[in-house]
Amino acid sequence: GVDRRAPFEPVPPRPTTIAADAHPGEAATAATRAVELTEAVLHECAAKPLTSLKSGGVGLRELNRLAKSTGCPPETLRLLLEVAGAAGLIAWERGVALPTGEFDAWLSASVPERIGAMLDAWWRMDRLPLFVPEGEKPGPCLGQESAEFFAAPLRQAAVRTAVAVPPGRTVSGPEALVDGVLWRLPLFFEEPEDAGPFTATVWDEALALGVIADGRPSPLAAGLTAGRVAESVEELFADETTAVVFQNDLTAIVTGLPSLALSELLDGAADREARGTASIWRFSPESVRRAFDRGVSATTLSSSLTDVSRTGDLPNVLGHLIDDVARRHGDVRVVATGCCLTVSDPALAEELVRVRVLGKLKLRVIAPGVLASALDPATTLEMLRQAGYMPSAEAQDGTAFVDRPTRRAKQR
C-alpha cells in the first residue's frame, strides 16, 4: 500500500550556532532600559494623554510626539506601549490612553518585579507591534481590533527554539530559529518562507526586553519557558556590582553591571552618560535638585552615596555641590492656590481666616494682608458676598476688574 503518513521528526531541530565570547550584562542592561523607558513613557502619557484615532488606536503623529518627548526609539515605543497595555498599566478611557491604578502599583514594586510583570505580559500578548507586512506602513498602536491570535504561540515557539542554544555558542540572527519555529508550529504558515519575517519580529522584541542578547538566550528566556520568571530575573542580576568610583569631575563610574538598587540611587541624583562594560553618571546642580524635589534630604543623599563609594567617602567637590544645592533648594516656593486675596486691614484678614461659613475656601495667610484661597476667583467672590463682605475683583495686572452683566433683550 501507499504510505500516506506526513513526514515527522520527533526531535526539534537545533539552531545552527557558532562559538563566541559572552558579553555579560547586555541582557540585564536591555531589561533595565525597557523598565526605565516604560516608566518615562507612561509618566508622559499621564501628563499628556494619547488621543485615539477615529478608527481606534494611537496614530503615527501621536507616537512621534511621544517618542520625541521621551527619547524612546519609535519601534521600541510601539513594543513598550503594547506590553504596558497587556500588563494593564495603560488603558483607553473616553478616547484617551491613560495609565491605570495598576501602573501606580507597578511603580511601587522593585525593579525585578517590574521586569517580571512586563515579561509575563509580553509572553502572553496577542499582538505583534513590530510586524509590518511588506509594502505596508505601520498601523496604529494599542488598537482595539488588531489582535493576532497566533502572536503568543509564535513568540513562545521562537524563544523555546532559542533556549536550545548551548552555553558558549551564539546564532547569527533570527533566521537560525526559523526551522525550530516551523517544527513547533507546523500548521501556522501556508508557505515555510512566511515564517522568516514573523520570527525576525519576535527576535527584535526579545532583544529589546533582554530575553535574547548577543545572539544567545539570556536567563530570562529559560525563565519564561520554565514558568519561573522571578528566579530568572534574580539570576540575570547575580553578578551585579554594588560599588561606585566617584571622581573629582563629578562623574560616578561603575565597572560591570550595576545592581538595580545602585542604578536607582544614581539615576535619582545624576544623569547617565554611558552604558556597557562601564556605566557613567554625572552629577550637576539640576540632577541633585531632582533628588531634593522628590523629598530626599542632603544628609540622606550624602549618606547613601557614601555607603556605595568604593573608597568609603565622597570627593569634596561632590559634597560641596550637594550642600550648595540644599541651601538654595526652596528659596522660592510655589504654592498651589485657586486665587489670592489682598486685604487692606490685617485684622480683617485674620477675621476672614476664622469665619466658619468661609471654611470651604481654606483661607490661609501667606504674607501680611495677603490670603490664599483654595477655590477659583468667582467662587471666592460669591462666598465672601454671601457672608456679608464687599469684595472687589482685580485683574492680574492689578487693575479693577468689572464684572459686566450680560445684556438682555428688551421685553416687549
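Mentor: The largest nonpolar core comprises 58 residues, and L81, W122, L209 and V211 have the most contacts inside it. Helix 1 (residues 26-47) gives the most to this core, namely nine residues. Apart from it lies another core, of 23 residues, with V288, L318, L321 and I322 among them. The model is predicted, so local features need pLDDT of at least 70 and side-chain atom pairs count only at pLDDT 80 or more, while totals for chains, interfaces and linings use all residues. Residues are numbered from 1 along each chain as its sequence is written, and side-chain values use heavy atoms, with hydrogens and water left out.

Trainee: What makes a set of residues a nonpolar core?

Mentor: The members must be buried Ala, Val, Leu, Ile, Met, Phe, Trp, Tyr or Cys residues joined through side-chain atoms within 4.5 Å. In soluble globular proteins, nonpolar side chains tend to be buried together.

Trainee: Which residues does V211 touch, not counting residues up to four places away in sequence?

Mentor: With contact meaning heavy atoms within 4.5 Å, V211 touches L119, W122, V159, A206, R216, P217, S218, L220, A221 and L224.

Trainee: How many helices and strands does the protein have?

Mentor: There are 16 helices and 16 strands, taken as DSSP runs numbered from the N terminus (helices H or I, at least four residues; strands E, at least two).

Trainee: Why is the protein called more spread out than a compact globule?

Mentor: The globule rule, 2.2 Å times the number of residues to the power 0.38, is set against a radius of gyration taken over C-alpha atoms. For 412 residues the rule gives 22 Å, whereas the protein has 29 Å, well over that value, so the protein is more spread out than a compact globule. Along the principal axes, the C-alpha atoms fill a box of roughly 110 × 80 × 35 Å. Of the contacts with a separation of 6 or more, 62% join residues 24 or more positions apart.

Trainee: Why does S263 count as buried?

Mentor: Buried means under 20% relative accessible area, exposed over 50%, and partly exposed in between (1.4 Å probe, protein chains only). S263 has 5% relative accessibility, so it counts as buried. S263 sits in helix 11 (residues 260-269) and touches P258, R272 and W281, not counting residues up to four places away in sequence. In the whole protein, 39% of the 412 residues count as buried.

Trainee: How do you know that T170 is buried?

Mentor: The relative accessible area of T170 is 6%, so T170 falls in the buried class. T170 belongs to strand 5 (residues 169-170). Leaving aside neighbours within four places in sequence, T170 is in contact with T16, T17, I18, A20, V165, D214, G215 and R216. T16 is 154 residues away along the chain, and the C-alpha atoms of T170 and T16 are separated by 8.5 Å.

Trainee: Is R94 buried or exposed, and why?

Mentor: R94 has a relative accessible area of 84%, so R94 is exposed. R94 lies in the loop between strand 3 (90-93) and strand 4 (96-99), and has a positive phi of about 55° although it is not a glycine.

Trainee: Is L142 buried or exposed, and why?

Mentor: L142 has 10% relative accessibility and therefore counts as buried. L142 is in the loop between helix 5 (111-124) and helix 6 (151-163). Its phi is near 60°, a positive value in a residue other than glycine.
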